[in-house]
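Visitor: I am new to this one. Could you walk me through it with a few quick questions?

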Amino acid sequence: MLVLHEPHPNPLLKGEGNRHIMKSKPKILILKTDGINCDEELSFAFSLAGGQPEYLHINELRKKPSRLLDYQILALAGGFSYGDDIASGKILAAEMTSFFSDTIQKFIQRKDTLTIGICNGFQVLVRTGLLPFAKVGSMDVTLANNNSGHLECRWIKLEIETNNTSPFLSNLGGKQVSYQVAHGEGRFFTDEKTLKKVEDENLVSLRYVDDKGKVTQSYPANPNGSLNSIAGITDPTGRIFGLMPHPERFVLKEQHPNWRRLNGEGPHGLPIFQNAVKYVKQA
Amino acid sequence: MIQTVRVINKNENEDLRGKGILSELASTKVSNVRSVRVYRLEGVSPTLADKLAQKLLSEDINQAYALNKPVINGGQKVEIAYKPGVMNPEVASIIKAARDLGIKLMAADASWEYYFYGKTKKEEIVSLAQQLNLLNQTVEYIVDDEPKTLLIKPSKGHTAIIPLRKMSEEELMTLSKDKLFLNLEEMKVVQNYFQKMRRDPTDCELETLAQTWSEHCAHKTFKAELIVDGKKKEPLIKRLQKEALKHDKNIVSAFVDNSGVLEFYDGMSICGKVETHNSPSAIEPYGGAMTGSGGVFRDILGTGLGGKTIASTDMFCFAPVDLKPDNLPPGCLPPEYLLKRVVTGVRDYGNRMGIPTNNGSVHFHPDFRAKPTIIVGAYGTIPTRKAKKRKAKVGEIVVAIGGKTGRDGIHGATFSSGEMSHRTISVNSSAVQIGNAIEEKRMFDALIEARDLDLIASIQDCGAGGFSSAIGEMGETIGVKVDLAKAPLKYQGLSPWEIWISESQERMVVAVDKTKLKKFIVLCDKYNVETAVLGKFDGSKKLRVYYGKELVCNLDMKFLHHGLPQRTMTARRPENKTLELINQSSLSLPPKQESRKKYWIHDQVGDENKTRAGTGNLLSEQEWVKILQQVVSHGNVCSKEPIIRQYDHTVQGTNVMPPFAGLSLQGPMDAAVVRPLLNKPYGMIISHGLNPVLNNFDAYLGSLWAGVEALANYVSVGGDYKQAGLINNYIWPFPDEESLWTLDRSVDAVVDIMKAFKIPVISGKDSLSSTYRGPEGEVIKIPPVLCMSVFGKIPDVSRTITTDFKQSGSAVYLIGQQDVKAMAGSVYAEVSGLNDSHVPTNDLQLLTKVFANIHHNIKTGSLLACHDISEGGLITTLFEMCVGGELGVAIDLSNKEQLDYSLFNETVGCFVVEVESKAKGEKLFKNIPHTFLGNTTMGQLISIKQNKKSVFHVEVEKLKKSWQKPMVSLFGTV
């Protein structure tokens, strides 16, 4: 699946946009608020994958929370929501749990919906309690300061877990991918009991691996010092997915620094979004 | 009543802040350091504060908190907080989040406590905190007594009348000094105006004039009539503009807006702006760098009817970080502190904005010890039909949007125009502030949407000079009436003139049509962006500023904008050129003292080596390798990767050539290539050139060097120089006769570059305050710097190449003509002690052919790799290509030149290229100067022969360690 000969060359290049296709496209809500700044590449990734992304500012959603239910995918983009003041994603998480608890519960219980949080979005999902156990209002794991003490912007290798059955990852289990990380607070951390539960229930979705493809704790291949090299997790249904690396920044071949050397290899991030769109279309 | 919440990491190993401080401490008396986050909450009960502590301020998984008591026992405590009145960006978030949780706070603050354990006394801790630069006293203080309230007490601001009309010349200059920064002639013009008006000015009027007429805003030197060595010459700006407009095929807008705009594709344009932020960064590097970034980003937004900022660049010059403390002039901050804090400032602002930092450089020279040079660039996109500057029209409403106005940043414009002195820090501390990137980000989001909905009639950013500059410029031809009492303030008590000229960040002024005002305000509300209607453009041709009902400023627009007399300035060739060179070289010697941190500038060259190096008589292989290690570990050559890794350089998904790439991802690239529109193949290339030394030898040749280097970087990745636009930034000492002479030569060089390449300069800035005056009158002239930036378009991003060698067995060529004997200012000259005053020169006509050839061959896919030669010379270029490709190279130089000169010469406009075979290379390059050097090899070894005689071998890995070490030692990681 990953070594693909551009099965889906950028449709926007070909001026795609027929009305009848638009209709069948699943609607994706990209939540905007102060400091979110990876929304455009996320929106682009979803449209490339055949979805219909729309921006909605949280202030509009606060006026009418039920608007969330018009969508099939809730996507929380990266950035620095409210400056990551106090802790990354904290203030947006507090806002979401204060105003949308019930609506979010309704949304995630619907089997035809997916939720994804990337980087800051992952931090928000963890701080709302949506990950790892879909318990809004609790907080069971954290994404703490990188061990290096600062933001790390680099390309790293990851392995996609085989045991996680998340729709986001279908047909990807066991694959190794290159994504970029760009975060200062991404160290997955929790107590032993919770860690065991996360592992036992196969909630881990991606782990950092080294050059040789082995799961690693060593820096910089594991850029933040995450426990068990965890880079991403899902909830038990697999329909809520959060990860620190940025698959949305590798949906075009040329986004990789060494694309000139990647012969015939397709962009590693795109399949995640294609899977998501495919799933909600069929669900 | 204040409730104090203290939060600590449960596991001391995860207290990175505490551990970081401990690792920097040389004192063995301290055994441990812990950091504690302190939140002060005003206007809530202890119960509610406890709720906030649990739900918002701490996380039980890895943190503990305490309410109104210490959270950790023992140790000596020092608390560092922002001074009252300095905006703490975190406070607004705390108040908002508390409100979302149903708790209303009157005020809040956040600070840090540090606990030092071991055998230390309280007094020692305070001095330790200062030594470690845990606080910058310009904006922070050590909290001795817990504050009783966080609310700043209002005190009514007022307007004073200045009895200007009767002042003597001496009194006029006393008034000007440290405040207005106008010269006597200008002060007299102002005096004369008010004598005619038969009244004395208000403080607000004087401040408005001083700001509008400041060097920073009015560019008096660039507009001056010049007498150079007794001969009249046209003003600098005229010469630049005249030549530029001859090459206008891509120009959408040049010299008239906040950035220069070039035609892109499909009805889109691209724009670029480069600024300096030296003065604020010299006294508060973190805040200075942040506001530098914030300001230049707003320049893009303030272009036309609103540009979208999509990329940024950063170029810095500092003194070497191991500068001996004794060599630091009074009132100046140590270079290591400046470098680290500037990087942190750029990081924190750019990353939060989500604007990728795509290109940049860091340079070192001891003469920057009195003032660093901090250059920030921003690039953007804008629909062509909205790219033209529009002046406001009569009847349009003046709306201020974004951040609130405070006392911060007062006198920034006039301060930037003044010289740095040992008094600068204490006198001008109000010129500095801490940026709030999130405030700016939401304003950008709102304004781009407003632009697309056609709600903006005209837009201007509040940069230097604040409202005064923005509103004054927008209403220049028609007049405007504003009421400052309507401006949202950070705290009460500001005098009207302070509100008017404050440079508080993250603000813009927008002219909005009456009928669209409501829609505009609703849109801004959606993005949590504050708006304030300040007044109206009224056709009066006057600038009338009220505070409520009180008229505090009433000036004729014509006098304000055209009353400044054109200066006539004389420039004179420095009489004793040799003397200047001697001064220069005595200062540029690397500091001799053995620093505690040995890592920095290479090991000193032994005396014995020094005499041999530079004469071409380096004998042993070890000597060659040692000198090479010294060159690649020099601050101007060494890898800056640890800095780049802290900047998010690929956010927005637009980067298709990052600063480092290659198999190892550690090979440096020459320029940034971005794809502004993700669904199109079009590319924008961004590069720059700067040399911190050469202008001291020869300002004309040094400036040519910078311009050619910028273009070579641009061409080297696949850029077509014919499509490029230039941005020139002059960072020069105060323009006395000699400095003005060198500035004039630099401008001549830029004009000649435009002529030769037939491309325009479309934007630029001058900062003529790189002079330091010490307490005893000693003067340090910071090296004059021309930073040339280049940007332009290519139709297809896939037609670009990187610097890393791609395969073994390829043919490696040197393209271009080296001026081999000219070694002045080279890194090799510095490390070997070589004394040469010849700056390498280029034949510009020949270069146009070389550039066209390289571009053509990249476009057709004929080259495998290309890297231009600059600091560190040919051998450094080859080495970097090996690093990226994880390959080696075997070179045989078949010439009679002195080998060290050939390898280390820094003539720009030369390239090393990799092609499949020699046969192919000979064909591709037959019409331009080319030298076959050798082949790439499998093992990571660089081996050098001259005329078939082996000279030395060195492992790439060994050099790579030296090359990476300086910045790794400073920033901790690769």
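Visitor: In which hand does H2(A) pass H8(A), left or right?
Guide: This is a predicted model, so the geometry here is computed from predicted coordinates. Helix H2 (residues 39-48) and helix H8 (residues 270-282) of chain A pack with their axes 8 Å apart. Their crossing is right-handed.

Visitor: What is the angle between H2(A) and H8(A)?
Guide: Roughly parallel would need an angle under 35 degrees, and roughly perpendicular runs from 65 to 115. H2(A) is oblique to H8(A). The angle between the two helices is about 60°.

Visitor: How many nonpolar residues does the contact of H2(A) with H8(A) have?
Guide: H2(A) brings Ala45(A), Phe46(A) and Leu48(A), while H8(A) brings Leu270(A), Phe273(A) and Val277(A). The contact has no polar and no charged residues. Its nonpolar count is 6.

Visitor: How do H4(A) and H3(B) lie to each other, roughly parallel or roughly perpendicular?
Guide: Helix H4 (residues 90-99) of chain A packs against helix H3 (residues 90-100) of chain B, with axes 9 Å apart. The angle is about 15°. An angle under 35 degrees counts as roughly parallel. H4(A) and H3(B) are therefore roughly parallel.

Visitor: How many charged residues are in the contact of H4(A) with H3(B)?
Guide: From H4(A) come Ile91(A), Ala94(A), Glu95(A) and Ser98(A). From H3(B) come Ser93(B), Lys96(B), Ala97(B) and Asp100(B). The contact divides into 3 nonpolar, 2 polar and, for the charged class, 3.

Visitor: Which helix gives the largest share of the side of chain B that touches chain A?
Guide: The contact takes 49 residues from chain A and 51 residues from chain B. Several helices of chain B each supply at least two residues of that side, including helix H2 (46-57) and helix H13 (335-353). The largest share is 6 residues, and it comes from H3(B).

Visitor: Is Gln433(B) buried or exposed?
Guide: Gln433(B) sits in the loop between helix H15 (424-427) and H16 of chain B. The cut-off for buried is 20 or more other C-beta atoms within 10 Å. Gln433(B) has 27 such neighbours, so it counts as buried.

Visitor: What is phi of Ile86(A)?
Guide: Ile86(A) lies in the loop between strand E3 (73-76) and H4 of chain A. Ile86(A) counts as buried because it has 22 C-beta neighbours inside 10 Å. Its phi is positive, in a residue other than glycine, and near 70°.

Visitor: Is Phe255(B) buried or partly exposed?
Guide: Phe255(B) has a positive phi of about 65°. It lies in the loop between strand E9 (251-253) and strand E10 (260-263) of chain B. With 16 C-beta neighbours inside 10 Å, Phe255(B) counts as partly exposed.

Visitor: Over which residues of chain A does pLDDT stay under 50?
Guide: The mean pLDDT of chain A is 91, and 92% of its residues reach 70 or more. Where pLDDT is low, the predicted coordinates should not be read in detail. In chain A, pLDDT stays under 50 over residues 1-22.

Note on methods:
Residues numbered from 1 in each chain as written. Chains lettered and ligands numbered in written order. Predicted model: local features only at pLDDT ≥ 70, side-chain atom pairs only at ≥ 80, totals over all residues. pLDDT = per-residue confidence, 0-100. Contact = placed C-beta atoms within 7 Å. Axes fitted to C-alpha atoms, helices over the stretch in contact; angles between N-to-C directions. Helix = DSSP H or I, 4+ residues; strand = E, 2+ residues; numbered from the N terminus. Parallel < 35°, antiparallel > 145°, perpendicular 65-115°, else oblique. Nonpolar A, V, L, I, M, F, W, Y, C, P; charged D, E, K, R; others polar. Buried ≥ 20, exposed ≤ 12 C-beta atoms within 10 Å, placed from the backbone. Left-handed = near helix turned anticlockwise from the far one by under 90°.
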